[in-house]
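Here's a short walk through one protein model, taken piece by piece. Have the sequence and the 3D view handy as you read.

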Amino acid sequence: MNNCIFCKIIAGEIPSKKVYEDDRCYAFYDIQPLAPQHFLVVPKQHIAAANEITEDSAALVGHIFAVIAKLTAELGFADGFRVVTNCGEDAGQTVKHLHFHVLGGKTLGSFN
Ligand code: AMP
Ligand code: ZN
């Protein structure tokens with residue numbers, strides 16, 4: 001999508017520190033990490049946010065979670081991790097392309 005920073009990252013038009021890529025998703029390190037390990041996984045298809053996930057995109061989202069399980073095992077998130085997706089203004093979503101934060105490498109505090 002025009003002017004979407006994550007679409008531009010996927011297209012290689014904006015540099016990123018790639019963690020993983022396949023035909024359906026792209027993973028890269030967050031530029032402002034909130035934990036010792038913090039990367040993002042995004043679908044290559046532009047979906048604005050979690051409230052736009054449909055039955056048609058459900059398999060894609062399931063695939064992303066399988067990728068997250070594989071990557072966290074490979075990257076040594078041995079003691080656990082957190083997956084977060086912010087949706088909309090109240091959640092503080094700043095980039096309007098669906099993305100899953102994967103956070104670990106320390107004991108993460110509870111949140112509310
Ligand atoms: P959210 O607030 O859930 O929309 O998260 C957006 C995330 O994207 C933030 O954690 C940003 O640090 C991250 N981010 C924004 N621009 C870039 C970029 N060019 N490369 C990597 N991460 C980015
Ligand atoms: Zn996009």
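## A loop residue to start with

Q45 is partly exposed, at a relative accessible area of 47%. (Buried means under 20% relative accessible area, exposed over 50%, and partly exposed in between, with a 1.4 Å probe and protein chains only.) You'll find Q45 in the loop between β3 and α2; helices here are DSSP runs of H or I with at least four residues, strands are runs of E with at least two, and both are numbered from the N terminus. Going from Q45 to C25 takes 20 residues in sequence, but 8.0 Å in space, C-alpha to C-alpha.

A50 sits in the loop between β3 and α2 (55-75), and A50 is partly exposed too, with a relative accessible area of 26%. Its C-alpha is 7.3 Å from that of T85, 35 residues apart along the chain.

## What kind of model this is

This is a predicted model, so local features need pLDDT of at least 70 and side-chain atom pairs count only at pLDDT 80 or more, while totals for chains, interfaces and linings use all residues. Residues are numbered from 1 along each chain as its sequence is written, chains are lettered from A and ligands numbered from 1 in the order in which they are written, and side-chain values use heavy atoms, with hydrogens and water left out.

For reference, the ideal angle for four tetrahedral donors is 109.5 degrees. Both C4 and C7 are buried, C4 with a relative accessible area of 6%.

## Cysteines without a bridge

How many disulfides are there? The count is zero, where a disulfide is a pair of cysteine sulfur atoms within 2.5 Å. C25 can't make one because its sulfur is 14 Å from the closest cysteine sulfur, in C7, which is too far for a bond. C25 is also buried, with a relative accessible area of 0%.

## The largest pocket

The largest pocket holds about 600 Å³ of space. Of its 30 lining residues, D30, Q32, H38, L40 and H101 are the closest to its centre. A pocket here is an open set of points on a 1 Å grid over the protein atoms alone, with protein on both sides within 12 Å along at least five of seven lines, and lining residues have an atom within 4 Å of a point. The volume is the space filled by probe spheres set on the points.

α1 (5-10), β2 (25-29), β3 (37-43), β4 (81-84) and β5 (100-104) each bring at least two residues to the lining, and α1 gives the most, with three.

N3 lies in the segment before α1 and is exposed, at 71% relative accessibility. Its phi is near 65°, a positive value in a residue other than glycine.

D90 belongs to the loop between β4 and β5, and is exposed with a relative accessible area of 87%. D90 and I9 are 81 residues apart in sequence and 25 Å apart in space, C-alpha to C-alpha.

Key
1 Å grid on protein atoms, 1.4 Å probe; cavity = no way out; pocket = protein on both sides within 12 Å on 5 of 7 lines; lining within 4 Å.
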